[in-house]
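Student: I would like to work through this model by question and answer. Please show it first.

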Amino acid sequence: MLKTLFLAGLLSLTMLAMPAMAQETRSFTDDLGRIVEIPVHPQRIASLHALTFTIPLLELGVIPVGSQGDTGDDSEPHIRSGMTIAGTDFDNSDIAYLGPNLPPDFEAIAAVQPDLIIAFQNQESVVDQLELIAPTIVLSNQTGYEVYDILADITGTQDRLATLKARYESQVAQIRRIIDTGTVTVNHLAPGDGALGVWETYFNLGKVLRDAGFDFPAAVDAMEPNSYVAFSPEALPDLDADILFVTYRTDQLETPAIAKAAFESVVPGFCAHLHACRNGQLIYIPREEVTAKSYDALSMLAYAVLTHISGRDIVRMENPQ
């Protein structure tokens with residue numbers, strides 16, 4: 001009974017959300033294998049994942065009518081990485097706040113009258129409800145930057161994407177020209193919950209480091225592509241490198257001191273046990289630019305890697321793993 005009432009209410013909202021004129025459509029196969037009829041030229045896109053869809057759309061020059069958002073300690077919604085990467089947030093744009101990732105706020109989504117909804121992989125269970133509002137496609141959090149190609153195809157912004165790709169390739173080439181990357185070992189560590197978290201390729205930072213040709217510890221290269229492993233503290237020597245990176249969440253007002261405290265909680269006196277830390281080669285950087293799907297963020301990280309490592313007299317590990 002409650003479900004029937006919910007669907008009835010959603011259908012009434014859907015009537016308000018329906019566009020006045022029919023649009024030309026085309027078939028699109030989403031990451032669930034569903035064939036969906038979507039507008040050839042969508043004008044009112046609702047993005048249900050800020051980091052994976054909203055930021056890329058903004059960089060492609062497409063302003064969604066609404067976006068999923070996060071809330072901080074002050075409970076004010078924000079587009080994660082929106083200001084630091086794209087200079088855009090709810091309070092300085094016409095983008096409507098559509099609520100959290102889960103559960104979606106169906107009423108808020110219907111209110112912006114979307115002609116296309118882009119849902120995240122963990123929203124598969126509510127696709128039927130979203131389809132009552134507008135054509136809905138589900139995209140996964142691709143390990144690479146395939147989502148840009150998909151979004152550019154949907155929005156007809158392939159030329160803009162080609163420019164973003166060319167810039168990044170030039171920046172990676174610059175790192176390779178200035179730094180003998182194949183002779184430098186690097187890694188990223190995420191201490192917490194009594195373990196040392198390691199990604200085989202840590203989002204944007206890992207992409208820049210691997211694309212530039214840096215070497216990684218053998219324990220990391222032995223991991224499955226794009227996988228994550230929580231190593232025990234005893235594995236610290238196998239995860240050490242010439243240069244180590246640690247990140248902290250600026251959107252939650254974290255600082256490098258908080259990252260250091262997390263390290264201490266897992267490995268007391270950690271700096272004495274790490275070659276990189278003992279030699280001043282442990283680098284702390286904000287996490288927002290690392291985790292957002294963003295060519296602008298890749299640009300920032302390429303510059304950060306170049307400036308942190310180039311011109312430095314690197315103290316090499318005696319017995320790299």
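Student: Which cysteines form a disulfide, and how far apart are their sulfur atoms?

Tutor: This is a predicted model, in which local features need pLDDT of at least 70 and side-chain atom pairs count only at pLDDT 80 or more, while totals for chains, interfaces and linings use all residues. Residues are numbered from 1 along each chain as its sequence is written, and side-chain values use heavy atoms, with hydrogens and water left out. A disulfide is taken as a pair of cysteine sulfur atoms within 2.5 Å, and by this rule the count comes to one. The pair is Cys271 and Cys277, with sulfur atoms 2.0 Å apart.

Student: What is the hand of the link between Cys271 and Cys277?

Tutor: The angle about the S-S bond is -100 degrees. The link of Cys271 and Cys277 is therefore left-handed.

Student: Is Cys277 buried or exposed?

Tutor: Buried means under 20% relative accessible area, exposed over 50%, and partly exposed in between (1.4 Å probe, protein chains only). Cys277 has 14% relative accessibility and counts as buried.

Student: What is the strand order of the open sheet of five strands?

Tutor: Strands (E, at least two residues) and helices (H or I, at least four) are DSSP runs numbered from the N terminus, and two strands pair if DSSP finds at least two bridges between them. The edge strands are S7 (96-97) and S9 (136-139), each pairing on one side only. The pairing in this sheet is parallel, and the order is S7-S4-S3-S8-S9.

Student: Which residue in S9 stands opposite Phe120?

Tutor: Strand S8 (residues 116-120) runs parallel to S9, and four bridges join them. Opposite Phe120, the residue in S9 is Leu139.

Student: Which helix packs on this sheet, touching S3, S8 and S9?

Tutor: Contact means heavy atoms within 4.5 Å. Axes are lines fitted to C-alpha atoms, for helices over the stretch in contact, and angles run from 0 to 180 degrees between N-to-C directions. The helix in question has a direction at about 160 degrees to that of S9, and it spans residues 146-155: it is H6.

Student: Which strands stand at the edges of the open sheet of three strands?

Tutor: This sheet has the order S11-S12-S13 with antiparallel pairing. Each edge strand has a single partner strand, so one side of each is left without a neighbour in the sheet; the two are S11 and S13 (228-231).

Student: Which residue in S13 stands opposite Val198?

Tutor: S12 and S13 pair in the antiparallel sense, over four bridges. The residue opposite Val198 is Val229.

Student: What angle does H11 make with S11?

Tutor: Helix H11 packs on the three-stranded sheet. H11 touches S11 and S12 there. The angle between the directions of H11 and S11 is about 60 degrees.

Student: Which residue has its backbone oxygen 3.5 Å from a polar atom of the side chain of Thr181?

Tutor: Thr181 is in the loop between helix H7 (158-178) and strand S10 (186-188), and at 5% relative accessibility it counts as buried. Not counting residues up to four places away in sequence, Thr181 touches Ile175, Ala212, Gly213, Phe214 and Asp215. The backbone oxygen belongs to Gly213.

Student: How far apart are the C-alpha atoms of Gly182 and Ala212?

Tutor: Gly182 is in the loop between H7 and S10. Leaving aside neighbours within four places in sequence, Gly182 is in contact with Gly213 and Asp215. Gly182 and Ala212 are 30 residues apart along the chain, and their C-alpha atoms are separated by 8.7 Å.

Student: Which residue in the hairpin of S1 and S2 takes a positive phi?

Tutor: Strands S1 (residues 25-29) and S2 (residues 35-39) pair in the antiparallel sense over five bridges, and Arg26 has Ile38 as its bridge partner. The hairpin has five residues between the strands. The residue with a positive phi, near 80 degrees, is Gly33.

Key
Polar contact = N/O pair within 3.5 Å; in protein donor to acceptor, adjacent residues only side chain to side chain.
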